[in-house]
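Subject: Structure handover

Hi,

Here is the structure we talked about. Please open it alongside this email and follow the residues as you read.

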Amino acid sequence: MRTPIVMANSYRLPEDPSDIDDPGYRGLVYTREHGANQRGLEEKLAKLDHGEAAAVFGTGMAALHAAFFTTLNPGDHAIVSNVVYMRVAGLFTDVFPKKLGIEVDFVDVTHLEQVHAAVRPTTKLVHTEVIANPDLRVADVSALAGIAHDAGAMLTVDSTFTPPPMMRPLDHGANLVMHSLTKYYNGHGDAMGGVIIGNRDLVEETRTGAMWHAGGAISPFNAWLIMRGSTTLPLRLQRQCENARAVAEFLDADPRVVHVSYPGLPSHDQHDAAVAQLSGGFGGVVSFAIGGTHTDRLSFVNNLRVITSAVSLGHDETLVAYEEYPEGPAEAFAQPFRDHGLVRLAIGLEAAEDLIADLDASLTFAYRPR
């Protein structure tokens, strides 16, 4: 049975509407604050991530911003992984320090001693991704939760690359988990959304604060599309993880490839942490570096025929994005990524053999036969 699409932007008020602004009010009033499709999606996502409650937003960035905006106040200090999605990095390098007076330290969260050393009396937040975008390092969520909680701070985790059943950060001590629903949950490249999941009181605070006052609510139609897509998430994720591992092993054995980062490879620096935390696979993203010139790398990307050059991930089709990062953001990457740029493959549902053949043909075109 499919949930119907309810496109109403307002709902009939109760006979006595005096308590409709109370945080615990469960009726539907206005879709910017809560709608029928949003509520159904929130209930499902909370259960999947073992949280008490969820709040869905129009994009993943809206959800992330809402979580940080809710938990941080002027003068607070945040510790943030030095490899995170670039728009999140922008929040902590520019927006929050300049607009709100938040102090920030970026650290390599895979070195726990650096996280310990960064803690201050004013530390209120530690933020990380489970698998970092784009270099694919893996954070030890339980260890980071211990450091954060010992400091009286919260741990927020972006688990976009590791949706259930791969990982449930709340079970490992995180206070809030966020996903860009645009990616694996939707799975078809046709809807955008984001979610915050965790303790009910804290989640409702993000709703009554950031969502009610700054907007960012998801549309009913996008909520419906993501609910539809989520039905096949476990099957899609299994295929994407299997494909990604096969592609990573091919690239790792190819002499034309300089460096491969994939948590499922034993050569990955945090392979043991990935094995300990992840269930059913190591994700659907493979990052790698290839030599030659910038022109050579562009030739490789632009001559792929099965794989499409585009941003995003978690889609049914495989996408590739190549970028040479500026010196500042790239400083935290492995040396091959600093020297040669980074190619990120977001693996889809095609046959692994077809993806490998496409990569091989394009490497041959841009470089030489294997």
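**Cis prolines**

Pro 165 sits in the loop between strand E5 (154–158) and strand E6 (176–180). Keep in mind throughout that this is a predicted model. The bond between Pro 164 and Pro 165 is a cis peptide bond, with omega about 10°. Asn 133 and Pro 134 are also joined by a cis peptide bond; omega there is about 15°. Pro 134 belongs to the loop between E4 and helix H5 (141–150). For context, most peptide bonds are trans, and most residues other than glycine have a negative phi.

**Positive phi**

Two residues to look at here. His 50 is not a glycine, yet its phi is positive, about 60°. You will find His 50 in the loop between helix H1 (36–48) and strand E1 (53–57). Is His 50 buried or partly exposed? His 50 has a relative accessible area of 46%, so it counts as partly exposed.

Ser 312 also has a positive phi, near 85°, and is a residue other than glycine. Its loop runs between strand E10 (308–309) and strand E11 (319–323). The relative accessible area of Ser 312 is 17%, so this residue counts as buried. The cut-off for buried is under 20%.

Start with Glu 129, in strand E4 (residues 123–129). Glu 129 is buried and has no salt bridge. Which side chain of opposite charge is nearest to Glu 129? That is Arg 344, 8.5 Å away. A salt bridge would need the charged atoms within 4 Å.

Backbone nitrogens do reach the Glu 129 side chain. The backbone nitrogen of Tyr 85 lies 2.8 Å from one of its polar atoms. The backbone nitrogen of Asn 133 is also reached by the Glu 129 side chain, at 2.8 Å. Asn 133 is the residue joined to Pro 134 by a cis peptide bond. Beyond four places in sequence, Glu 129 touches Val 83, Val 84, Tyr 85, Ala 139 and Asp 158.

Asp 49 lies in the loop between H1 and E1. Asp 49 is buried and has no salt bridge. Leaving out residues up to four places away in sequence, the contacts of Asp 49 include Pro 164, Met 167, Arg 168, Tyr 185 and Ile 197. Pro 164 is part of the cis bond to Pro 165.

**Aromatic pairs**

How many aromatic pairs does the structure hold? There are seven. One of them is Phe 68 with Phe 96, edge-to-face, at 6.3 Å centre to centre and 90° between the planes. Phe 68 is in helix H2 (residues 60–71) and Phe 96 in helix H3 (residues 86–100), so this pair ties together parts that are 28 residues apart in sequence. Phe 68 and Phe 96 are both buried.

Another edge-to-face pair is Phe 288 with Phe 300: 6.1 Å centre to centre, 80° between the planes. Phe 288 is in strand E9 (residues 285–290) and Phe 300 in helix H10 (residues 294–302), twelve residues apart. Both are buried.

There is also an aromatic cluster, formed by Phe 68, Phe 92 and Phe 96.

**Nonpolar cores**

In soluble globular proteins, nonpolar side chains tend to be buried together. The largest nonpolar core here has 76 residues. Among those with the most contacts inside it are Leu 155, Leu 251, Phe 288, Phe 300 and Leu 345. Helix H8 (residues 233–252) gives the largest share of this core, eight residues. Apart from this core lies another, of 28 residues, including Ala 55, Val 80, Leu 91 and Val 203.

Take Leu 345 for a closer look. Beyond four places in sequence, its contacts include Val 247, Leu 251, Val 286, Phe 288, Ile 307 and Leu 359.

Now Leu 176, in strand E6. Its relative accessibility is 0%, so it counts as buried. Leu 176 and Asp 158 are 18 residues apart in sequence but 8.6 Å apart in space, C-alpha to C-alpha. Among the residues Leu 176 touches beyond four places in sequence are Ala 67, Leu 155, Val 157, Ile 196 and Val 203.

Best wishes

Key: Residues are numbered from 1 along each chain as its sequence is written. This is a predicted model: local features need pLDDT of at least 70, side-chain atom pairs count only at pLDDT 80 or more; totals for chains, interfaces and linings use all residues. Side-chain values use heavy atoms; hydrogens and water are left out. Rings of Phe, Tyr and Trp (its six-membered ring) pair if their centres lie within 6.5 Å; planes under 30 degrees apart count as stacked, over 60 as edge-to-face and the rest as tilted. Helices (H or I, at least four residues) and strands (E, at least two) are DSSP runs, numbered from the N terminus. Buried means under 20% relative accessible area, exposed over 50%, partly exposed in between (1.4 Å probe, protein chains only). Lys and Arg count as positive and Asp and Glu as negative; His and the chain ends are not counted. A polar contact is a pair of N or O atoms within 3.5 Å; within protein, one must be able to donate a hydrogen and the other to accept it, and residues adjacent in sequence count only if both atoms are side-chain atoms. Contact means heavy atoms within 4.5 Å. A nonpolar core is a set of buried Ala, Val, Leu, Ile, Met, Phe, Trp, Tyr and Cys residues joined through side-chain atoms within 4.5 Å.
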